[in-house]
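Biologist: I would like to go through this structure step by step. Could you take my questions in turn?

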Amino acid sequence: MADLRNPILPVADPAYIPIPDDDTTTNLGRRFSTRNYSNKLLSSLFTGLILVGLLLAMGNKKSTHTSIPVEEDKILTQPPMSRGKPLGVSEKSNQQLTMRDYEWNDMMLSWQRTAFHFQPKNNWMNDPNGPLFYKGWYHFFYQYNPNGAVWGDIVWGHAVSKDLIRWTHLPLSMIADQWYDVNGVWTGSATFLVDGKIAMLYTGSTNESVQVQCLAYPANHDDPLLLDWVKYSGNPVLVPPPGIGPKDFRDPTTAWMTSTGKWRFSIGSKIHRKGIALIYDTQDFIHYEQLNVTLHGVQGTGMWECVDFYPVSTTHSDGLDTSANGPDVKHVLKASLDDDRHDYYALGNYQEETGEWVPDNPEIDVGIGIRYDYGVFYASKTFYDPIKKRRVLWGWVGEMDSEAADVKKGWASLQGFPRTVAMDTKTGINLIQWPVEEVESLRLRKQEFKDVELKPGMVAPLDIQFGASQLDIVAEFELQKEVVLNSTTFDEEFSCSESKGAAHRGALGPFGILVLSEESLIEKTPVYFYIVKAKNGTLSTFFCADQSRSSLATDVNKLIYGSYVPTLEGEKYSMRILVDHSIVESFAQGGRTVITSRIYPTKAINENAKLFLFNNATEAGIKTSLQVWQMNSANVPASKSTKGGPKLDIVIFFSLLYLVLNFDQFCDKSLGFHF
Amino acid sequence: MIRSTIFCILTLYPISCIQATPSIPNILGNNLIDQTCKKTPYYDLCIQTLVSCPESFHTDLEGLAKITVGAIAQKASAALRRIETILTKKEHSKPAVREALNACASRYRAVVEQDVPETLMSLRTGNYKFASRGTNDAATEAMSCEEDFAAGESPLSDLNVAVHDVSVVAAAIVQAVIES
């Protein structure tokens, strides 16, 4: 049951074969610092374990390898498995780590706060609400607890921005001051009426904990900041209909216009174990007519929260207004599943006459198919940006640390970096997500690494001249072609979450980048590709993020996330990673698969956070080129590159000048230094 | 028995356990408790926890979840009391142990003041994923408290295990509520 591990781990992870003694100078003149590990015992044990790994990979369960002396996990093949949610398995290890090693101190906790992701100044946040663009401002509302770092006392926070990155926090837009929302002003969405006015529909949890839908609208439509909101005097406008449970009726969507001139929107619910999207028509947002069909439903998926429904073009990657329809249009139906706390979407066709939506492929229907994000990402919601003609996706990224730590640091939760969503016109079966282009305005210094080659088992530190806590990384990888062609390791059944993370060695993977990693690799977060070859030669790409060794702390998530990602003929393996302190967002193949991770290192913080390349495959070498940008903080105006800006530099310069010119006087005073 | 009665009464929302000594129930006759506990990894503990509170025989799945959350609160409070006792008695002068006890106190305060109310509110309003979060976090806090100590030095092992295990049971029942 307990994972008995040698408490004193070797300094470096010996699953990564030592880099040879001679410097590997690359043709960009950059010298990678090499480390000299000479440990023949580890090498031979490791070789034995490769065989173990290969045998297991081929499904051979015979213990023909019993002669290999596997010393109790000195070698890292089994990462400390934490399932994140203790389900009856004791996670005790006989680690001699004392509390002092990783007790959450202010330095570690304050480092966790992000530089360019949306978060309020303190306390708890969850779902994004009613995002919209109005009179020159992007508006963002969100579920907020003004009283603590845990969910409860939920009201609507509010912020505005010109660029989706630099936010100005405004007063709360709605509080729980009515009988129908006293137990929670929950999630809702905005609809722009024909005359440009805004109707906000949201869920209230009543004084008897019944979920009802309520209408709110701006008190003053001339106010670009939309500071004040009015709740319709006749609220609630909708209560749970017959056959729907009083606690299974929440999160109304943005409405779309039908050809009859009525508005139509959806609310998620369930009937027994079937998750469904109810639909209502309205002309005035006060009187509603429930359609006797649902938009769609999928058996076995449970409650559908935060339903989202929107059109995408099949021919171009611009966004479409929520009411758009036509021959070159498909519709995305998305639900947040209460069962597993993940966001799922499916592409399909909306048939307005019947009111139903039909998935293109029922096998990957809503809730049983594709996820927006294979990490921490929930309750997401899109809106149409008419200025830049794009559809933007917001998603709640919760904490993966302990409540006690959240209380200590005084806040919990982030929003994912806003992404555009569009049809992947190359595959036609999935969406592409990509950070909004404004992210590039945060880029400062850049370092490029071209054609770096890593043999199997190599780890190469990247000599980054700036901090590694705020980065935008774009990387491309290629495997050695002949090795891929000749490899006879076939058809492994692979899943990121059930693998051993980056320690899970295959012929053609894993390879990728270690972010937020400490110099000795005692803490590291691998983001990587894992390639599997089928007997007929076709290759499958998996993209994973491994939290299992991201921190020495025992009270943080140690799971491994990821998924299969479609890779087309001729494409290199490409990834983009946004690192922003305790959030890491990883995009594969231009955004076909995305993984959001929350990382809480105890050592790999501030100047001790480093970046590495690695190739832990057993057969194939890799060649990679990457660009690494230093990312600015969103709290600093775009023109300044340092925290204090030029004014501070001038002050420091003259202070030093004065000091130097008058150093005798200073020496006389006992300041403790003498020139 | 008295202790069990107390934890029922301490439950923050009205599940009143009036009888001091409940009669031995016919567990097999009460399908809900048996079925529910089968969905948890600690069947015996689940049965014991629920059966100690007579209200469990007249309530639904949500009610059973609330009862187990009450047990979390009771055991976490006991841990806080023991920490206070040890720290004031100054029995353990080892700084490492005192530090660990202080860290554990923060953890258990989070359980009692954050996790438990969050879970009960979530169950009450039907936004169940926060109940899942609260119960799972309680288990994490308990486990982490135990790991804050060097091997053999924890004066809280029995309570840490108790909180961890009953939290895991509660989390499993919450998941059953979500999937019902």
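Biologist: Which residues of chain A does UniProt list for "domain: Glycosyl hydrolase family 32 C-terminal"?

Modeller: The model is predicted, so the range is taken from a record. The UniProt entry, which is unreviewed, gives this domain in chain A as residues 438-630.

Biologist: Over residues 438-630 of chain A, what percentage is helix and what percentage is strand?

Modeller: The end C-alpha atoms of this stretch are 15 Å apart. Its make-up is 3% helix and 49% strand.

Biologist: How many disulfides does the structure hold over all chains?

Modeller: A disulfide is a covalent bond between the sulfur atoms of two cysteines. In this model a pair is counted if the sulfur atoms are within 2.5 Å. One such pair is Cys496(A) and Cys544(A), with 2.2 Å from S to S. Over all chains the number of disulfides is three.

Biologist: How many residues apart are Cys496(A) and Cys544(A)?

Modeller: The S-S bond of Cys496(A) and Cys544(A) has a torsion of -70°, and the link is left-handed. This pair links distant parts of the chain: Cys496(A) lies in the loop between helix 5 (481-486) and strand 28 (508-517) of chain A, and Cys544(A) lies in strand 30 (residues 539-546) of chain A. Both Cys496(A) and Cys544(A) are buried. The separation of the two is 48 residues.

Biologist: Is the link of Cys37(B) and Cys46(B) left-handed or right-handed?

Modeller: A disulfide joins Cys37(B) to Cys46(B), with 2.0 Å from S to S. Cys37(B) is at 0% relative accessibility, so it counts as buried. Cys46(B) is likewise buried at 0%. The value about the S-S bond is -75°, and the link is left-handed.

Biologist: Why is the disulfide of Cys104(B) and Cys145(B) called right-handed?

Modeller: Cys104(B) and Cys145(B) are joined with an S to S distance of 2.0 Å. The pair links distant parts of the chain, Cys104(B) in helix 5 (residues 95-125) of chain B and Cys145(B) in helix 6 (residues 129-147) of chain B. The disulfide is right-handed because the torsion about its S-S bond is about 105°.

Biologist: Which cysteine sulfur is nearest to that of Cys306(A)?

Modeller: Cys306(A) has a relative accessibility of 2%, so it counts as buried. Cys306(A) is in no disulfide, and the nearest cysteine sulfur is 16 Å away. That sulfur belongs to Cys214(A).

Biologist: Why is strand 16 (residues 342-351) of chain A said to be largely enclosed by the rest of the structure?

Modeller: Buried here means under 20% relative accessible area. Strand 16 of chain A is largely enclosed because, of its ten residues, the number buried is seven.

Biologist: Which residue stands opposite Leu333(A) in strand 16 of chain A?

Modeller: Strand 15 (residues 329-337) and strand 16 of chain A run antiparallel and are joined by seven bridges. Four residues lie between these strands in their hairpin, and Arg341(A) takes a positive phi near 60°. Opposite Leu333(A) stands Ala346(A).

Biologist: Which residue in strand 17 (residues 356-359) of chain A stands opposite Asn349(A)?

Modeller: Strand 16 and strand 17 of chain A pair in the antiparallel sense over four bridges. They form a hairpin with four residues between them, where Gly355(A) in the turn has a positive phi of about 85°. Opposite Asn349(A) stands Val358(A).

Biologist: In strand 18 of chain A, what is the bridge partner of Tyr344(A)?

Modeller: Strand 16 and strand 18 (residues 370-371) of chain A run antiparallel, joined by two bridges. The bridge partner of Tyr344(A) in strand 18 is Arg371(A).

Biologist: How much area do chain B and chain A bury between them?

Modeller: The size of an interface is often given as the accessible area lost when the parts come together. In this model 44 residues of chain B are in contact with 44 residues of chain A. Of the area buried between the chains, 50% is on carbon and sulfur atoms, and the total is about 3700 Å².

Biologist: Which residue of chain A meets Lys129(B) in a salt bridge?

Modeller: The count of salt bridges between chain B and chain A is five. In one of them the N to O distance is 2.9 Å, and the partner of the Lys129(B) side chain is Glu305(A).

Conventions
Residues numbered from 1 in each chain as written. Chains lettered and ligands numbered in written order. Predicted model: local features only at pLDDT ≥ 70, side-chain atom pairs only at ≥ 80, totals over all residues. Heavy atoms only, no water. Buried < 20%, exposed > 50% of the residue type's maximum accessible area, 1.4 Å probe, protein only. Pairing = 2+ DSSP bridges. UniProt positions renumbered as here; feature names shortened; annotations may be inferred. Contact = heavy atoms within 4.5 Å. Buried area = accessible area lost by both parts, 1.4 Å probe. Salt bridge = Lys/Arg side-chain N within 4 Å of Asp/Glu carboxyl O.
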